[in-house]
Every structure is written in structure tokens, then in C-alpha cells.
Amino acid sequence: MLPQRSSRWFGPAWPTGPARPPSPAAQLGSWRRLLLARATRQEVLGLYRRIFRLVRKWQAASGQMEDTIKEKQYILNEARTLFQKNKNLTDTDLIKQCIDECTARIEIGLHYQIPYPRPIHLPPMGLTPLRGRGLRSQEKLRKLSKPVYLKSHDEIS
């Protein structure tokens, strides 16, 4: 007689029946998800490498060595913090949004020669809603009008 395995650790002692192969549509969906995951993973890792290459070449606009060191340290800390915060994201739309934000911040930093996010200035009741001028609607409009490169800035600082 064969020894019985405990189903607690190893699953059922004997197979319950023949395994049903997944449908072609399910296989296609899983491949699509896998390819999308690989593509976004490569894109994210490429952005991370691009940030580290940028830090190696970074020079402060003032030309001071102390400023350069502070700015390099800021870029590294900001990148590590944001990438660690977002490493468990699974929603492809959120991942794409984070990729767009990272790309925008890199391009803006290179263009303006400042590593810090470029602030926007809106007067307190400067956005006009469709109806009324309530504070809640102003907060909602302010949140919607925030540029893509500032989406995660308030969450960290």
C-alpha cells in the first residue's frame, strides 16, 4: 500500500482528474499580459538606469561643487524613494502614468538644469468651476490641473 501524503502541505494525495488545458483565448491573454509586463519592466529598468547615468554627468547650474553634490544626492534619493514606493504596482495604467511622470521629470530637469520639480502657482480661487465657487470644487479642479510631473511630489515631501 502507498503511503498517504498530508493534503495540508502537499495538496491532494492523488490527482482528482485530468487537467483541463486553458482555452486559446486565455492563453493569448496570459501571453499578452506577460509581454506587457516584460515591456513595462524593461522600460522601468531603463528609466532607472537612465537616472543613474544622468546623475554621473550632472552639473549644477551654479557651477559650485557643493551644489552639484547636493543635487546629485537629491536625484538619487528621489528616484530610490519613488521607485521603492511604486515597485508593487500591478495596474498597467498606473505604471504607465508613473513612467510618464518619470520621463517628464527627467526631460524638465535636463531642460531647466534643476533637479527639483518645477512648481506651479495657482491663486487660491483662480480656477472657475462650471457651477458655484465652492472650496471643494476648487480643490478638485486644482487636483485635476496638476501637471504629470508633480503627481507624486506632494506624497513624498
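1. A disulfide, as the word is used here, is a pair of cysteine sulfur atoms within 2.5 Å. In general terms, a disulfide is a covalent bond between the sulfur atoms of two cysteines. With that in mind, please note that this structure is a predicted model, and that a search through the whole of the structure turns up zero disulfides.

2. Cys98 and Cys102 show how this works out in practice. The cysteine sulfur nearest to that of Cys98 belongs to Cys102 and is 9.1 Å away, so Cys98 is in no disulfide, given that the two sulfur atoms would have to lie within 2.5 Å. Cys102 is likewise in no disulfide, its nearest cysteine sulfur being that of Cys98 at 9.1 Å.

3. Asn86 sits in the loop between H3 and helix H4, the latter covering residues 92-112. With a relative accessibility of 21%, Asn86 counts as partly exposed. Although Asn86 and Cys98 are 12 residues apart along the chain, their C-alpha atoms are separated by 8.1 Å.

4. Glu71 belongs to helix H3, which runs over residues 65-85, and it deserves a careful look.

Terms used. Residues numbered from 1 in each chain as written. Predicted model: local features only at pLDDT ≥ 70, side-chain atom pairs only at ≥ 80, totals over all residues. Heavy atoms only, no water. Helix = DSSP H or I, 4+ residues; strand = E, 2+ residues; numbered from the N terminus. Buried < 20%, exposed > 50% of the residue type's maximum accessible area, 1.4 Å probe, protein only.
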